[in-house]
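Thanks for coming. I will go through one structure this morning, a few places at a time, and you can follow along on the screen.

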Amino acid sequence: MLIRIPLLNPFETSFGRTSVKEAVIVRLDSGDSQAYGECTAEREPYYSYEFNSMSWKVISDLILPMLAGAEISSPLDFGTLTHRVRGHSMSKGAVEMALWDLFCRSAGMPLHRAIGGVRKRIECGISIGIQDSVDTLISTIARSLDQGYRRIKIKVKPGWDTEVLERVRTEFPDIPLQVDANAAYSLHSIRTLKDMDRFNLTMIEQPLDYDDLLEHSILQRRIRTPICLDESIKGDESVKLMHRLGSGRVVNIKAGRVGGIAGSLSVHDTAMERNIPVWIGGMLETGIGRSFNVALNTLPDVRFPGDTSPSSRYFRRDIIVEPFEMDSKGRMPVPSKNGSGIEVDERELERWTAKRKILKLS
Ligand SMILES: [Mg+2]
């Protein structure tokens with residue numbers, strides 16, 4: 001189904017402002033079990049070339065029919081079954097994650113255990129969008145620290161960068177702080193990017209083009225701040241290239257961007273073998289997508305708090321029965337129930353559903 005839920009607060013990045021979360025939700029029914037996955041594409045192709053009306057088509061016309069009648073003994077079979085479709089990682093990821101949920105539920109196992117997670121609670125970070133004024137940003141950061149968040153990430157873009165950071169560092173000299181540019185700069189801005197070194201940032205996320213590895217390697221040689229790649233990491237091959245070229249020192253894993261859980265695990269393992277730390281990014285997911293991010297946060301090479309915030313950061317009421325909550329120290333318990341560990345609130349889901357389609361696969 002396609003859902004549209006209002007966000008509590010609009011979220012602004014270097015490519016625009018979002019006030020409604022729109023997502024394609026996949027539900028797989030098998031016997032008595034129901035499993036869910038969420039596509040992380042957006043309404044428009046700004047973060048990625050994928051976008052919801054296209055994902056709707058790819059999922060219902062291509063991906064789901066490929067599963068029809070197939071003997072699937074493990075969610076790891078998904079990659080082979082859908083190999084013919086090139087790209088479309090977010091569309092594939094939505095179905096693949098639902099498949100993991102289904103398998104873990106029927107195997108009586110929580111997802112985090114199935115993927116080799118090593119912790120029972122995770123550390124939460126917050127990603128703060130571009131604000132109307134620096135004063136609003138400062139008060140948002142102060143409130144987030146009071147709430148317990150363990151790291152602050154702020155979105156930057158040309159014109160909203162070093163001056164803003166100067167104010168932030170004056171107010172909060174020692175907090176773990178990182179910035180995310182969502183590919184808003186080019187090497188022409190190297191002076192601004194070099195200038196960011198004086199703010200002692202944990203990392204700068206995706207400063208250059210969304211597909212680039214080469215220019216990031218040039219930039220990383222010129223700046224002290226570690227570069228973290230998000231958009232540029234499409235799978236484990238990108239991690240190998242990044243490492244070989246020296247394009248960055250940290251990887252942001254977003255399950256949708258790398259095709260789901262199996263893709264996330266291979267990016268994670270490839271990074272860990274090369275001693276590259278990772279953390280788990282976010283796409284303003286509902287509780288369904290969030291549950292997979294929580295499980296991925298338990299992996300051993302996750303060495304920074306990510307973008308996984310409690311449900312109440314985004315929605316007045318999440319579409320799951322027990323929303324994700326964070327304690328005053330910025331930690332979130334990992335659900336111990338089977339599968340993704342959540343129970344979908346069918347009524348809430350129904351309330352925000354704009355369109356649905358039912359396919360019979362067997
Ligand atoms: Mg990012």
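Start with Asp77, which sits in the loop between H1 and helix H2, residues 78-81. This is a predicted model, so keep that in mind for everything I say. A residue needs 20 or more to be called buried, and 12 or fewer to be called exposed. Now pick Trp279 on the screen. Asp77 and Trp279 are 202 residues apart in sequence, and their C-alpha atoms are 26 Å apart in space.

Go back along the chain to Met54. Met54 belongs to helix H1, residues 52-67. Met54 has 16 C-beta neighbours inside 10 Å, so it counts as partly exposed. From Met54 to Leu111 is 57 residues in sequence and 28 Å in space, C-alpha to C-alpha.

Compare that with Ser312. Ser312 is in the loop between helix H11, residues 287-296, and strand E12, residues 331-333. How far is Ser312 from Leu7, in sequence and in space? In sequence the two are 305 residues apart, but from C-alpha to C-alpha they are 9.9 Å apart. Ser312 itself is partly exposed, because it has 15 C-beta neighbours inside 10 Å.

Now the whole chain. It has 12 helices and 13 strands. Along its principal axes, the C-alpha trace spans about 60 × 40 × 35 Å. If we take contacts between residues at least 6 apart in sequence, 71% of them join residues at least 24 apart.

Next, the domains. How is the chain divided? Domain 1 is 2-109 plus 346-355, and domain 2 is 113-333. Their C-alpha centres lie 22 Å apart. In the contact between them, domain 1 supplies 32 residues and domain 2 supplies 31. On the side of domain 1 that touches domain 2, the elements giving two or more residues are strands E1 (2-13), E2 (16-30) and E3 (33-38), together with helices H3 (89-107) and H12 (346-352). H3 gives the largest share of that side, 8 residues. By type, the residues on that side of domain 1 are 18 nonpolar, 8 polar and 6 charged.

Which residues of H5 are buried? They are Leu137, Ile141 and Ser144. Looking down the axis of H5, these buried residues fall within an arc of 65°, so they line one face of the helix. On the other side of H5 are the exposed residues Asp135, Thr136, Ala142, Arg143 and Asp146. The cover over the buried residues of H5 includes strand E5 (126-128), strand E6 (152-155) and helix H6 (162-171). After H5 comes Gly148, with a positive phi near 115°.

Last, backbone angles. Most residues other than glycine have a negative phi. Asn200 is not a glycine, and its phi is positive, about 50°. Asn200 lies in the loop between H7 and strand E8, residues 204-205. With 14 C-beta neighbours inside 10 Å, Asn200 counts as partly exposed. Leu284 also has a positive phi, near 55°, in a residue other than glycine. Its loop runs between strand E11, residues 278-280, and H11. Why does Leu284 count as buried? Because 22 other C-beta atoms lie within 10 Å.

That is where I will stop.

Note on methods: Residues numbered from 1 in each chain as written. Predicted model: local features only at pLDDT ≥ 70, side-chain atom pairs only at ≥ 80, totals over all residues. Helix = DSSP H or I, 4+ residues; strand = E, 2+ residues; numbered from the N terminus. Domains from an automatic or database assignment. Contact = placed C-beta atoms within 7 Å. Nonpolar A, V, L, I, M, F, W, Y, C, P; charged D, E, K, R; others polar. Arc of directions from axis to C-beta.
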